[in-house]
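Dear colleague,

I am passing on the structure below, and my notes on it follow. Please read them with the coordinates open beside you.

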Amino acid sequence: MRFGILLLPAVTILLAGCEILDNTPPERPPSTIAAGYVGKPLLQLEMRWSEPWNLRAAGDGQAATWQFDQFNLAGCTVTVDTDATGIITKEAWTRGCGPKGTGTIALPGSGP
């Protein structure tokens, strides 16, 4: 019986610690991660973040969208466009969510 009384506070403290860890912001924000994948294959970003929330044909390539709901990113989405070979040419964030709130980063020469 005494062991159970001592075990309960220890478990509660461990669970509280896990909850704190779950709420800590990532070391690198998603906008920084996505920017690092411009010019790389879409598959590499999918391997990092898992399957996109939405994947559709766009021009000669594809557009993949991920949705973020954790930390201060609630309601933020990023859409990356690829060329016909599957290389990411552009990322577009929901306004106010991407780097400096600009909304878009593109490869030089990838169009407007």
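This is a predicted model, and I would like to begin with E51, which, once its neighbours within four places in sequence are left aside, is in contact with E46 and W66. Of these two partners, W66 lies 15 residues from E51 in sequence, while the C-alpha atoms of E51 and W66 are 8.3 Å apart in space. E51 itself sits in the loop between α3 and β1, and it counts as exposed because its relative accessibility is 69%, where the cut-off for exposed is over 50%.

Helix α3 comprises residues 42–49, and its buried residues are L42, L45 and W49. These residues lie on the same side of α3, because the arc that they cover around the axis is only 65°. L43 and M47, by contrast, are exposed on the other side of α3. The cover over the buried residues of α3 includes the helix α2 (30–35) together with β1 (54–58), β2 (61–68), β3 and β4. After α3 comes S50, which has a positive phi near 85°.

Note on methods
Residues are numbered from 1 along each chain as its sequence is written. This is a predicted model: local features need pLDDT of at least 70, side-chain atom pairs count only at pLDDT 80 or more; totals for chains, interfaces and linings use all residues. Side-chain values use heavy atoms; hydrogens and water are left out. Buried means under 20% relative accessible area, exposed over 50%, partly exposed in between (1.4 Å probe, protein chains only). Helices (H or I, at least four residues) and strands (E, at least two) are DSSP runs, numbered from the N terminus. The arc is that of the directions from the helix axis to the C-beta atoms. Contact means heavy atoms within 4.5 Å.
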